[in-house]
Amino acid sequence: PHLGSSLGRVFSGYFAAVIVGITLGLLIGRSRVVEALLLPPLEVLRPIPAVAWIPLAILMFPSSEVSMIFITFTGALFPVLLNTIHGVEAVDKRLIASAKSLGASPFAILREVILPGAAPSIITGLTIGMGTSWFCLVTAEMISGQWGIGYYTWESYVIQNYADIVVGMLLIGVLGMGCSLLVRLAGNFFI
């Protein structure tokens, strides 16, 4: 049950962060108006560690489950968002101009020029975001969880079961490494 709880939380928060981060990153990277509106408030929120959101998340959400998913989401969002923005902004403007001159629609330019050009940067953000998701999830589980690997590790400390602490730490490392490897493999498919 600890393993299933942690995996469910990490993937829920991570996939929500991927959807929001890539969408906002594409919008901010392509539009100066959207960048002027959204980037300043996001830059104010970005330096706040996801762990600092835990008390507010516990108050904002009716269940500790949703608050832990929110913390995981927050941890993954900014690496994905910033790498997507930088990837989109780094796409050679001449490629976009060439596609426009050949009559490509905005959607075709996005699909055929911008996404392939920004893909390496986006995949880097996805990999970093996955690692950050695990860090944030384990911390949230230690503070407010009743199930999960973070809770298991903390509970082992409380009852002074040092072998289980090491098992929990190793399991966190192996799962984090495995998830990051899956993200990289999926990313290689798109590059």
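How many salt bridges does a search of the whole structure find? Six. Bear in mind that we're looking at a predicted model here.

Let me start with E65 and R9. Their side chains meet in a salt bridge, 2.9 Å from N to O. E65 sits in helix α4, residues 64-90, while R9 belongs to helix α1, residues 2-30, so this pair ties together parts that are 56 residues apart in sequence. Now, are the two partners buried or exposed? R9 counts as buried, at 2% relative accessibility. E65 is partly exposed, with a relative accessible area of 33%.

Next up, R46 and E43. That's another salt bridge between side chains, again with 2.9 Å from N to O. R46 is partly exposed at 36% relative accessibility, and E43 is partly exposed too, at 29%.

Then there's E112 with R111, whose side chains also meet in a salt bridge, 2.9 Å from N to O. R111 comes out as partly exposed, with 41% relative accessibility.

And which residues form a network of salt bridges? Those would be R32, E35 and E89, which are linked to one another that way.

The buried residues in α7 are I149, G150, T153 and S156. They lie on the same side of α7, because the arc they cover around the axis is only 130°. In general, an α-helix has 3.6 residues a turn, so residues three or four places apart point the same way.

One last thing to look at on your screens: after α7 comes Q160, and its phi is positive, near 60°.

Conventions. Residues numbered from 1 in each chain as written. Predicted model: local features only at pLDDT ≥ 70, side-chain atom pairs only at ≥ 80, totals over all residues. Heavy atoms only, no water. Buried < 20%, exposed > 50% of the residue type's maximum accessible area, 1.4 Å probe, protein only. Helix = DSSP H or I, 4+ residues; strand = E, 2+ residues; numbered from the N terminus. Arc of directions from axis to C-beta. Salt bridge = Lys/Arg side-chain N within 4 Å of Asp/Glu carboxyl O.
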